[in-house]
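Please keep the sequence and the model in view while reading.

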Amino acid sequence: MMHNGKGREQKKEKFSFRSYITFYTRFPIPWWLFIASLAFSLINTEVFLAISKYVIRINKGELYNSVIIGYALLTVLNAAISMGSNICGEYGIQKVTLRARKLLWDKILHLPMREVERRQPSSLISGVVNDITQASTVIHMIFSTVASVYGFVRCCVEMARFNAKLSAYMLLLVPLAIGVFALVGQLQYRMMLRRYESLNTMTEFFSEHISAAKHVKAQAIEDMETEAGLRAIDERYRADVYYAFMEVLQVFSNTLYTSIGSIVIALFGSDMIRKGQMPDTGINDFTTYKGRVDQYQAEVLTHYQTLKGTQGAMQYVGVLQEGPEEDLEDGYDLPESQPEQDIVLDRVSFGYVPQQPVLHDLSLTIPAGKTTAIIGSNGSGKSTLLKLLQGIYSPDSGRVWLGKAAVDEVKLAQLRRRFGCVLQHNPLFSGSVRDNIAYGATGEISDEAIAGAARLADADGFIRQLPQGYDSDVGMGGALLSGGQRQRVAIARMLMSNPDYLLMDEAGASLDHKSDMTIFRTVREHMKNRTIVVVAHDMRSVMEADHIIVLNEGSLEAAGNHKELLGTSPTYRAYLQLQGYTLAGEEVSR
Ligand code: ADP
């Protein structure tokens, strides 16, 4: 439960400059918006320089109508162009964020299951919610920096033209500016990264812990959780405080730099005025240019720092985007319905982590058109076996065959759609009961079909008693329904997809015994002649199966029907006895 920040460690994975570029080739970038924004900015620099000339004339007291009107019109134009630049820039930013986020979401959906587990869902949430916003910042900053560098150079040139000597004195300050800005900038960059990391830590923490609210309440561990949450909140607080402090320092260093500049201008400027080398208004006029040069200079440095600050976030997103992906449409077409063909595991070995095999050299047959039950103690690999059938994981060695088709060679999308799957806990999505039952089903879905599936799953009765019947909201993850009700909705949803193969992994665990048996029998009847694989603990369901597989620590202990297993599998006999059955030869009673 504790947040260990493991997901974030993966941020340190390598992401080269080339990958940076590749990332931006994966979705269309609205270049025209950024170019338009840049063009507006460049024009604005020229407009500003034109305004400066009017300002200097006004300073001199040339208060003619044409000067005033020219000044006023250009000032309004300046504001309008600024707005144009901002509108294009902002719109571009939002478009890039939208497209990059879509791209990342699609990538997350296609990550192989091992990657999802390795990266942890909470880290992926942070990636798609927070990190991705930096994708647009990078592009915007590059264009803004071009505009600022252009403005800086143009204003420097005009300033030098206006007064070369005083401009030369300004050059003396350049090393000071570079020194101070580099120092503050570096600190600011670190603070920004820290601030960013803390935002992700907080998102990860809350997404994991808020969804465990029931557990927290049941265990009455609110105090512990408050403490744990405070650590995440506190980290963010400290990062914000440091960052704010750095901002203050930056403003201070800016002001200091500008003030030193003003002092230098005052000192040398007044001397020049005294010597008659400059008109009386010279200092004021010069400051008009100098102010703008300072502004552009600050912009360039800030953009540079922001760009550096985005590196961390973009690294995570970039590495993720470069990583492995499932191609659902790669491979052979799965032959049309093949109900008469068995599922065969041929010497399959598999482990989630290297050197820790969960299934060992497993060979077995799941007969077509029959119901097969798999039993075995916790952790013996039953659920893992079901996931291998659907190609959620691939065996480390050996093969799974669906009739004549090798699971690792057929199109994953086709393969997985052939399977219907009901687990012990099935995710429902916020929305109506109807939408949840229809979720994933293709083609036209009639109310009758939905009600029909619900009846088979013994769900129709309780759904009709809900305040809005089939339109009632199930809540986030189905939180407004009981465990048993959620299960029935999930079974109805599975039936809607009309699968060739049905996998049930402890699907009856949240149902009472009677409902479990009733639903199980109805579903079996409905799916007659189709292959059903059931992982169950209730031996009543197991005994009813046509074929039974007993797993023991990832190996096959025995397989056969009830009668055969009574003779061949000690585990099978032990399970029956544990559930109160008395065994006398082939007779089983309770
Ligand atoms: P069963 O269904 O028989 O209870 P599982 O197939 O769920 O067993 O698990 C088999 C073994 O694999 C267990 O030791 C379990 O800890 C491990 N395991 C299951 N899922 C994962 C996973 N996603 N990552 C790592 N280990 C896992």
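A pocket, as the term is used here, is an open set of grid points where a 1.4 Å probe fits, with protein on both sides within 12 Å along at least five of seven lines. Rolling a probe the size of a water molecule over the atoms shows where empty space is left. The model to which this is applied is a predicted one.

The second largest pocket has a volume of about 460 Å³. Its lining consists of 22 residues, and those closest to its centre are Ser-41, Ser-85, Asn-86, Ala-147 and Glu-299. Which elements give two or more residues to this lining? They are helix H3 (31–59), helix H4 (65–109), helix H7 (134–162) and helix H12 (282–322). By class, the lining of the second largest pocket comprises 13 polar, six nonpolar and three charged residues.

Attention may now turn to helix H11, which runs over residues 222–274 and contains 53 residues. From its first C-alpha to its last, helix H11 reaches 75 Å, close to the 78 Å expected at 1.5 Å a residue. Just after H11, Gly-276 adopts a positive phi of about 75°.

Among the residues around it are Glu-117, Tyr-352, Val-358 and Tyr-393, together with Ser-377, Asn-378, Gly-379, Ser-380 and Gly-381. Lys-382, Ser-383 and Thr-384 also belong to this shell. Helix H13 (residues 382–389) supplies the largest share of the shell, three residues. In terms of class, seven residues of the shell are polar, three are nonpolar and two are charged.

How far from an oxygen atom of the ligand does a polar side-chain atom of Ser-383 lie? The distance is 2.7 Å. The backbone takes part in such pairs as well: a backbone N or O atom of Gly-379 lies 2.8 Å from an oxygen atom of the ligand, and for a backbone N or O atom of Ser-380 the corresponding distance is 3.2 Å. Taken alone, the ligand exposes 560 Å², of which the protein buries 61%.

Key
Residues numbered from 1 in each chain as written. Predicted model: local features only at pLDDT ≥ 70, side-chain atom pairs only at ≥ 80, totals over all residues. Heavy atoms only, no water. Near = heavy atom within 4 Å. Polar contact = N/O pair within 3.5 Å; in protein donor to acceptor, adjacent residues only side chain to side chain. Areas by Shrake-Rupley, 256 points an atom, 1.4 Å probe, with all protein chains shown as cover. Helix = DSSP H or I, 4+ residues; strand = E, 2+ residues; numbered from the N terminus. Nonpolar A, V, L, I, M, F, W, Y, C, P; charged D, E, K, R; others polar. 1 Å grid on protein atoms, 1.4 Å probe; cavity = no way out; pocket = protein on both sides within 12 Å on 5 of 7 lines; lining within 4 Å. Points joined across faces, edges and corners; volume = space filled by probe spheres on them. Expected span 1.5 Å × (residues − 1).
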